[in-house]
Amino acid sequence: MTCAALLVAACVFTEAAPAAEVKTYSGDGRAPIERLYGSMDALAAQGPWVMKTVFVDQGLPIRVLTTKHKGPAVWILAGIHGEEPAPPNAVFRSRAALQALAAKNIPVVLFPLCNPVGYTKDWRYPDARRGSEEPSGHSVGDSEHLLLSKEGKPRLPKSASPQADALTRMVLALARAYPPVLSLDLHEDDTIPKGYIYSQGPKGSADPAARAILRKMAELGYPVAQSGKTRFEETIVDGVISGVNDGSIDELIASDKIVVDGAPRPGPAGRSVIVVETSSQKTSWEERVKLHRAVIGMAEKLFRLASAADPRH
Ligand SMILES: [Zn+2]
């Protein structure tokens, strides 16, 4: 091969794999970001999936994968917060479970790594160094501009960041063809020593999907906070927080009424909208990844539980 040909080959490779030269934080068990992108590529290549780029953040694509089969769907989100690495690594190791859902014609919307810049840096937000105080950083999932205040107005006049703008637009676009029956947003919270769950859907703390995940956590010996408060002063009751208006993408997915460009609109109206939180204080990396993998592995069962109480399905 000539030098010129080598240069061309190098350029093509660089374009196809933009993350290859990005260094990923390595202070915990997280996989380098190029392995996560490789896993997404493999999933998209294997089965009935469509992969789209939602936004390119400092050269790193935020991607979404959807099954070609549309309809009331399972939504899975990971990696909203960059200092919470177990969930995107669990997705990365769950290709067989995701393919099994697709093979059963269960529609799926998968956001495998919502905040790639934060992931590579171990920063919560892409625009704020870890440890810096809120509100200096902006969550990629911030949905306040689409959510209603008590006065019936948007809580923010515009999106908090270009990443949040792109992600929330994609959520609203996909919610039409893939109404979220079950949404699983996988997180970690190291400020308290045990895990817990948010249930943002209409069934709140009694949501059977939330209860089933708590039973799975108990079965795996995973410590669950039965009471207490988070750093955001949210109260945990029997392992679950419900009824919060936190401006998150989960609140958006659960909302039946939203506001877009000043006009009221029907929201995604997710039925079971669950956020799973693990903590590294007392739980190893492998145990945390195992729990998130177990939750992804429960998606079909949880989808059936959520569908049973959903009159649209
Ligand atoms: Zn989080």
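This report describes the sheet, the core, the helix packing and some single residues of a predicted model.

## Basis

Local features need pLDDT of at least 70 in this predicted model, side-chain atom pairs count only at pLDDT 80 or more, and totals for chains, interfaces and linings use all residues. Residues are numbered from 1 along each chain as its sequence is written.

Helices (H or I, at least four residues) and strands (E, at least two) are DSSP runs numbered from the N terminus. Two strands pair if DSSP finds at least two bridges between them.

Eight strands form an open sheet in the order 1-2-4-3-5-10-6-7, and the pairing is mixed. Strand 1 (49-57) and strand 7 (240-242) stand at the edges with a single partner strand each, so one side of each has no neighbour in the sheet. On average, neighbouring strands of this sheet are turned by 15° against each other, direction ignored. Angles run from 0 to 180 degrees between N-to-C directions, and axes are lines fitted to C-alpha atoms, for helices over the stretch in contact.

Strand 3 pairs with strand 5 (residues 180-188) in the parallel sense, over six bridges. Val74 stands opposite Leu182 in strand 5.

## Helices on the sheet

Helix 6 (residues 162-177) packs on the sheet and touches strand 1, strand 2 (60-67), strand 4 (108-111) and strand 5. The direction of helix 6 makes about 155° with that of strand 1. Helix 9 (residues 285-297) also packs on the sheet, where it touches strand 3, strand 5 and strand 10 (272-278). The direction of helix 9 makes about 165° with that of strand 10.

## The nonpolar core

A nonpolar core is a set of buried Ala, Val, Leu, Ile, Met, Phe, Trp, Tyr and Cys residues joined through C-beta atoms within 7 Å. A residue is buried if 20 or more other C-beta atoms lie within 10 Å of its own, exposed if 12 or fewer, and partly exposed in between, with C-beta atoms placed from the backbone. The largest core has 77 residues, and Val74, Ile76, Leu182, Ile197 and Ile274 have the most contacts inside it. Strand 3 (residues 73-78) supplies the largest share of this core, six residues.

Contact between two residues requires C-beta atoms, placed from the backbone, within 7 Å. Beyond its neighbours within four places in sequence, Ile76 is in contact with Val91, Leu110, Leu184, Ile296 and Ala299.

Ile62 lies in strand 2 and is buried, with 24 other C-beta atoms within 10 Å. Residues up to four places away aside, Ile62 touches Val54, Phe55, Asp57, Cys114, Pro116, Gln163 and Leu167.

## A helix pair

Helix 7 (residues 208-219) and helix 10 (residues 299-308) pack at about 150°, with axes 9 Å apart. The two helices are therefore roughly antiparallel (angles under 35 degrees count as roughly parallel, over 145 as roughly antiparallel, 65 to 115 as roughly perpendicular and the rest as oblique). Pro208, Ala209 and Ala212 of helix 7 meet Lys301, Leu302, Leu305 and Ala306 of helix 10.

## Hairpin and positive phi values

Strand 8 (residues 257-260) and strand 9 pair in the antiparallel sense over four bridges. They form a hairpin with two residues between them, and Asp261 in the turn has a positive phi of about 50°. Ile258 has Arg265 in strand 9 as its bridge partner.

Ala269, in the loop between strand 9 (263-266) and strand 10, has a positive phi near 55°. Ala269 is buried, with 20 other C-beta atoms within 10 Å.
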